[in-house]
Amino acid sequence: MDLSYLGIINASAIYRNLTPAELTERAVARGEGKLSLTGALVVKTGKYTGRSANDKFIVDTPAVHDEIAWGKVNRPITKEKYDLIKGKVLAYLQNKELFVFDGFAGADPKYTRSFRIVNELASQNLFIHQLLRRPTCEDLKNFKEDYVIIAAPGFKCIPEIDGTRSEAAILVNYEEKTVIICGSQYAGEIKKSVFSVMNYEMPKVGIFPMHCSANIGVNNDSAVFFGLSGTGKTTLSADPNRKLIGDDEHGWSDDSVFNFEGGCYAKCINLSPEGEPEIYNAIKFGSLVENVVMDDETRVFDFDDDSLAVNSRVGYPVEYIPNAELSGMSTSVPKTVIFLTADAYGVLPPISKLDKNQAMYYFVSGFTSKVAGTEIGVTEPVPTFSTCFGEPFLPLDPSVYASMLAEKVEKSGANVYLVNTGWNGTGKRMKLRYTRAMVTAALNGDIEKGEFVTDPTFGVQVPTSIEGVPSELLIPENTWEDKAAYKASCQKLAASFVENFKKYTHMSKEVVEAGPKA
């Protein structure tokens, strides 16, 4: 290959779209990782075992300046600084073997975007080969990328010179249609860079980009599940009676919901064949495992050992999941939208129905909560808000995505539900079988046949009965012995919502007033 048009010259070799077998062989030969007993490639990513959100920058150019929602998440970097870092990265890549993957994001061919990924590491190239949508031989003959991503984890920035925060940097240049990733070997940076691009590109063509999982029923009825880490997004969308479209990133068009990706990136901590058999069995030849402790002699994993990382991961193609929709799309728009949250205050209903303005409010808020003991210094529930359930990946103002949600929901007639997989007044977390029963009732429409009451603090509509769920659990106040403590917790959480929402200055008065009453 000739990559000189990208400024990449004098590479010792360039390998394009090698097979997973070839990439695995080369990664092992180069000392990047080892094979597990099941044949998966196992690597350690060093200092960075998760996304480095504070090291991501967007190049501030006149062409995009007025589009970007600048702030704590979308930090600007000058084109001059970007050009200097890019030049040094390109120089660093000289005389090295490079691995190129040409592939696609977006299963609906009307909205596909093509990506050329240039990797320093064979293992990272294996990862993105399995995570994106793979081309046919015919596709490769006339391939022309829309965006280029260059990943050089071995290059370290010098903050004092380069204007970065650390040795790692993720630099997104929307005008040049290039992303530079350096200093971090965590493969998720590549995946989420693709997602950030799609969140910029898709609204321009009327597609609502979503950080969600999606599945489809036997009647071609699709559903989407939004939720932050630990709320059950992957678990609840993996339904034996429904096909999985994808577990993380999707687009909602006027006539389809489609996966951006061709693979999955699942957490491995405490993984077991009983708890999550689909993920457990997907860890085989062709998968990339990051930061899971493995016995060097037996090559057996210890998924409970978090000494390398709590955020241990495995990347694999969606074909490794037995109940997957391999086309990556549904030809029907979602009829059910579910927002997942894990409320540690014990006051949000386990399931409730939202009207249009409430849907926009709770979507933009993107609420869940950290629990005492999960992090050093966390001694009581801490509210966590991530805009649109995907704040780190959204370059545009939240109102853009919220308006698209409202438009798509209104046009499709979808029902929107808020599902709390967290705790109640008993101090115990909601049992998974109860949550599954509630989600099933939402998906098949049974929930709409019963009565609803209005929650006095949060204003949402709460069902009074669902088959398979004890009725006393559906109304949070019923689970509290101390009613005064219940009301105090309600007000504490409501006040957090209200305070957080003040930063969304582009939201309508109707949406603001749809929130909790503090």
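V28, L35 and F285 together make a nonpolar surface patch of about 220 Å². Patches are built from residues with over 30% relative accessible area and no salt bridge, where nonpolar side chains (Val, Leu, Ile, Met, Phe, Trp, Tyr) are joined within 5 Å and like charges within 9 Å. Accessible areas come from the Shrake-Rupley method with a 1.4 Å probe, and for residues only the protein chains shown count as cover. The model is predicted, so local features need pLDDT of at least 70 and side-chain atom pairs count only at pLDDT 80 or more, while totals for chains, interfaces and linings use all residues. Residues are numbered from 1 along each chain as its sequence is written, and side-chain values use heavy atoms, with hydrogens and water left out.

Helices (H or I, at least four residues) and strands (E, at least two) are DSSP runs, numbered from the N terminus. F285 has 38% relative accessibility and therefore counts as partly exposed. The classes are buried (under 20% relative accessible area), exposed (over 50%) and partly exposed (in between), with a 1.4 Å probe and protein chains only.

### Helix packing

Two packed helices are described by the angle between their axes and the distance between the axes. Here, axes are lines fitted to C-alpha atoms, for helices over the stretch in contact, and angles run from 0 to 180 degrees between N-to-C directions.

Helix α1 (residues 20-29) and helix α3 (residues 122-131) cross at roughly 155°, and their axes come within 8 Å. The two helices, α1 and α3, are therefore roughly antiparallel to each other. Angles under 35 degrees count as roughly parallel, over 145 as roughly antiparallel, 65 to 115 as roughly perpendicular and the rest as oblique. The α1 and α3 crossing is left-handed. A crossing is left-handed if the near helix is turned anticlockwise from the far one by less than a right angle, and right-handed if clockwise.

Helix α3 is mostly covered, with 10 of its 10 residues buried. Among the buried residues of α3 are S123, Q124, N125, H129 and Q130, as well as L126, F127 and I128.

Helix α9 (residues 356-365) packs against helix α10 (residues 398-412) at an angle of about 140°, with the axes 10 Å apart. α9 and α10 are therefore oblique to each other. The crossing of α9 past α10 is right-handed.

### Salt bridges

The structure holds 29 salt bridges. A salt bridge is a side-chain nitrogen of Lys or Arg within 4 Å of a carboxyl oxygen of Asp or Glu.

| Pair | N to O distance |
|---|---|
| R113 and E201 | 3.6 Å |
| E249 and K191 | 3.5 Å |
| K192 and E249 | 3.5 Å |

In the salt bridge between R113 and E201, the pair links distant parts of the chain: R113 is in strand β7 (residues 113-119) and E201 in helix α6 (residues 188-201), 88 residues apart. R113 counts as buried because its relative accessibility is 15%. E201 is likewise buried, at 10% relative accessibility.

E249 also forms a salt bridge, with K191. E249 lies in strand β14 (residues 249-252) and K191 in helix α6, so this pair ties together parts that are 58 residues apart in sequence. E249 counts as buried at 1% relative accessibility, and K191 counts as buried at 4%.

The side chains of K192 and E249 meet in a salt bridge. This pair links helix α6, which holds K192, with strand β14, which holds E249, across 57 residues. Both K192 and E249 are buried. Salt bridges that share partners join K191, K192, K233, D248, E249 and E261 into one network.

N10 has a phi near 60°, a positive value in a residue other than glycine. N10 is found in the segment before β1 (13-16) and counts as partly exposed at 49% relative accessibility. R299 also has a phi near 60°, again a positive value in a residue other than glycine. R299 lies in the loop between β18 (293-294) and β19 (301-302) and is partly exposed, with a relative accessible area of 27%.

F101 is found in strand β6 (residues 97-105). F101 counts as buried, at 0% relative accessibility. The C-alpha atoms of F101 and L18 are separated by 7.8 Å, although the two residues are 83 residues apart along the chain.
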